[in-house]
Amino acid sequence: MFSFFKKRPPAPPPAPEPSAPPTAAPTATGGRLPVAPAAPPAPTTTTTPAAAPSPAAPPQRAGWLERLRAGLRKTGAGIAQVFTGTRIDDTLYEELESALLLADTSLPATEHLLADLKRRVKETKATDPAAVKALLADALAELLAPLQRPLEIGAHAPTVFMVVGVNGAGKTTSIGKLTYHLAQDGQKVLLAAADTFRAAAREQLAAWGDRNRVDIVSQQGGDPAAVSFDAVAAGRARACDVVIADTAGRLPTQAHLMEELKKIRRTIAKAQEGAPHEVLLVIDGNTGQNALAQVQAFDAAVQLTGLIVTKLDGTAKGGVLAAIARWCATQQRPIAVYFIGVGEKLEDLQTFDAREFAQALLQ
């Protein structure tokens with residue numbers, strides 16, 4: 001298993017203290033002030049700890065990559081078919097343009113990718129369609145790269161997440177999986193059932209809470225903003241590391257419900273200065289261009305910081321991530337894609353890696 005979260009300084013200090021049995025180093029720290037005379041030993045000491053973390057880098061990710069490739073097969077099949085010929089000409093680029101548009105890559109992203117690809121082909125003097133396909137993967141990875149960013153926790157006590165999205169996108173399930181990984185990472189999590197309209201939503205969140213052994217703040221038929229406020233206040237009082245507020249699903253066209261989201265955001269800010277620290281939109285990867293419209297609408301209402309893209313298994317519209325990346329670039333709004341999901345299992349929600357995604361799409 002690899003690390004899901006990037007921890008800020010407050011979390012790491014306790015760990016190094018116990019795990020630093022070489023107390024010889026701390027004793028030497030007293031002599032580290034006059035380090036000028038003892039210059040040779042100092043570099044040697046610093047190299048030894050640096051070497052320790054490196055071996056822990058290779059994690060088991062092969063199974064996940066296989067599931068990602070399988071999930072994106074429908075999207076990638078149409079694009080890969082373009083490169084089965086033997087010539088690189090205008091026909092190839094026209095067919096590629098159609099394939100990218102059919103994958104819901106959007107016109108601006110498609111135009112950007114084609115222009116970038118032609119430049120790369122010219123620079124490398126590529127003559128083989130397979131080589132051009134590899135260059136397209138490079139161009140796509142570069143376009144998606146700004147969306148790749150680790151989710152940071154530990155800089156605030158607690159770190160507050162507000163999770164939004166339309167009905168059926170997989171918000172509550174994603175929160176449950178996220179909570180599981182946080183709990184596995186040793187974080188103390190508190191959930192806020194701010195979807196007070198649906199009893200089923202509270203029950204579903206409660207089931208995830210029981211499964212992950214975390215507490216939930218809920219109130220039947222109460223005000224969602226008040227529930228969120230109480231949860232953040234409780235999270236501070238109980239010394240929780242993370243508080244996650246689950247909000248009711250809503251369409252971005254429902255103005256009164258979008259206003260309610262703004263109210264929840266403002267109320268959370270009153271409960272803790274600077275919160276919410278992350279506003280996450282959960283989008284269904286099957287919705288294609290509609291997912292981009294959701295990003296734009298929810299961002300305008302609550303200033304998104306990140307995305308969780310679900311249900312990428314079996315979709316023919318996986319190109320929408322390129323559309324989102326291009327929109328973010330033109331708006332100069334780098335909204336991170338923190339996680340992507342290709343199934344219902346816990347391990348089917350994983351961190352987003354731009355190059356992995358590009359290669360899986362163009363397998």
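Modeller: One definition before that: a charge sits over a ring if NZ of Lys or CZ of Arg is within 6 Å of the ring centre and within 35 degrees of the ring normal. Also, this is a predicted model.

Biologist: Fine. Which lysine lies over the face of tyrosine 93?

Modeller: Lysine 118. The distance to the ring centre is 5.0 Å.

Biologist: And how many aromatic pairs does the count come to?

Modeller: One.

Biologist: Backbone next. Which residues does a cis peptide bond join?

Modeller: Alanine 157 and proline 158 are joined by one, with omega about -5 degrees. Another joins alanine 275 and proline 276, and omega is about -5 degrees there too.

Biologist: Where is proline 158 found?

Modeller: In the loop between strand S2 (151-153) and strand S3 (159-164).

Biologist: And where does proline 276 lie?

Modeller: Its loop runs between helix H12 (255-271) and strand S7 (278-284).

Biologist: Is lysine 311 buried or partly exposed?

Modeller: Partly exposed, with a relative accessible area of 31%.

Biologist: What about phi of glutamine 332?

Modeller: Positive as well, near 55 degrees. Glutamine 332 is in the loop between H14 and strand S9 (336-341).

Biologist: What relative accessible area does glutamine 332 have?

Modeller: 70%, which means it counts as exposed, since the cut-off for that is over 50%.

Notes. Residues numbered from 1 in each chain as written. Predicted model: local features only at pLDDT ≥ 70, side-chain atom pairs only at ≥ 80, totals over all residues. Heavy atoms only, no water. Phe/Tyr/Trp six-rings, centres within 6.5 Å; stacked < 30°, edge-to-face > 60°. Helix = DSSP H or I, 4+ residues; strand = E, 2+ residues; numbered from the N terminus. Buried < 20%, exposed > 50% of the residue type's maximum accessible area, 1.4 Å probe, protein only.
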